[in-house]
Amino acid sequence: MKISLKSGEELAMVLILAMLIILAVVLLITVINVFLVIKRIEAKHKGVITEPFSFKTWWKSLTKAVPVENEEAILLRHSYDGIRELDNHLPPWWKYMFYATIIFAIIYMADYHIWKTSPLSDGEYQQELATAQKEIELYQAKNAAAIDEKTVKLLPNDPKVAERGKEIFSSKCSACHGQAGEGGVGPNLTDEYWLHGSSINDLFKVIKYGVPEKGMISWKATLKPNEIQDVANYIKTIGGSNPPNSKAPQGVKTDSTASSTPVALL
Ligand code: HEC
């Protein structure tokens, strides 16, 4: 539990609340005492001898139910078509619960709205999101090494993936493929023509194993599987960007959304 008092206003609120709680407790004790005293005086007047404590007396004190044979005493005078009404007390167990809810409400308000020690729904949601995010990262880190050309995923909605991919591309690939992927020693990666297929699986495979005899090195020793996935995803994002000085197309025209490997023209 962390209690932080950021401003004088909050401090004043806390003080007021503390005073209110003390007042409520004092009031409650006073009321209970008054009731007890009244009961004792009544009992004395009636000459009732208080019974020794037992389960039966305890149960009776909780319900305060008037026995059927004594109901005449609490019968109200009015009669509606012969229907008469009993003036029963609220059962004490019910009243105690009601008092308990008042105390609970004060504690609840202090906890959630004044000291803000417990988060509200929105805060809880954000906390859950944060833990879920951590779990995802942990899971991804654990599974990063397991990604291969069959399990590689197209992640167009994750800007972080393309961002990391872009970094790798600029530092490791742009020397041969151009800063913007327009091509150089290596082929243009922004057009619709591909030598080895355009699906995410094809891209992963060619980056992982390379085409050593044609000058494209294998990156599996340098890049981790998840990094290859990132850079393959980045290549997907630059498709159709048509950068200046684009190299002439090589290979076959392939729908960039195709997922199967087309026959490569070598
Ligand atoms: C030393 C130069 C060089 C570097 C560095 C290089 N490539 Fe290549 N890349 C090539 C060449 C050359 C080819 C064409 C291979 C062929 O003719 O089959 C190629 C082909 C490719 C292809 C297949 C293109 C197609 O049309 O099917 C992809 C995808 C690719 N590279 C991605 C990358 C990535 C990603 C990197 C960085 C991690 C990278 N390359 C680094 C030279 C390079």
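Let me begin with the overall division of the protein, which is split into domain 1, covering 8–119, and domain 2, covering 159–253; bear in mind throughout that this is a predicted model. The C-alpha centres of domain 1 and domain 2 are 77 Å apart.

I will take the helix pair first. Helix H1, residues 8–46, packs with helix H3, residues 92–114, at an angle of about 170 degrees, and their axes are 12 Å apart. Because angles over 145 degrees count as roughly antiparallel, H1 is roughly antiparallel to H3. On the H1 side the contact is made by Met-13, Val-14, Leu-17, Ile-21, Ala-24 and Leu-28, and on the H3 side by Tyr-99, Ile-106, Ala-110 and Ile-114. By class, this contact of H1 with H3 consists of 10 nonpolar residues, with no polar and no charged ones.

Turning to the strands, S1, residues 75–80, and S2, residues 83–86, pair in the antiparallel sense over three bridges, and Ser-79 has Arg-84 in S2 as its bridge partner. The two strands form a hairpin with two residues between them, and in the turn Asp-81 has a positive phi of about 50 degrees.

Definitions and conventions. Residues numbered from 1 in each chain as written. Predicted model: local features only at pLDDT ≥ 70, side-chain atom pairs only at ≥ 80, totals over all residues. Pairing = 2+ DSSP bridges. Helix = DSSP H or I, 4+ residues; strand = E, 2+ residues; numbered from the N terminus. Domains from an automatic or database assignment. Axes fitted to C-alpha atoms, helices over the stretch in contact; angles between N-to-C directions. Parallel < 35°, antiparallel > 145°, perpendicular 65-115°, else oblique. Contact = placed C-beta atoms within 7 Å. Nonpolar A, V, L, I, M, F, W, Y, C, P; charged D, E, K, R; others polar.
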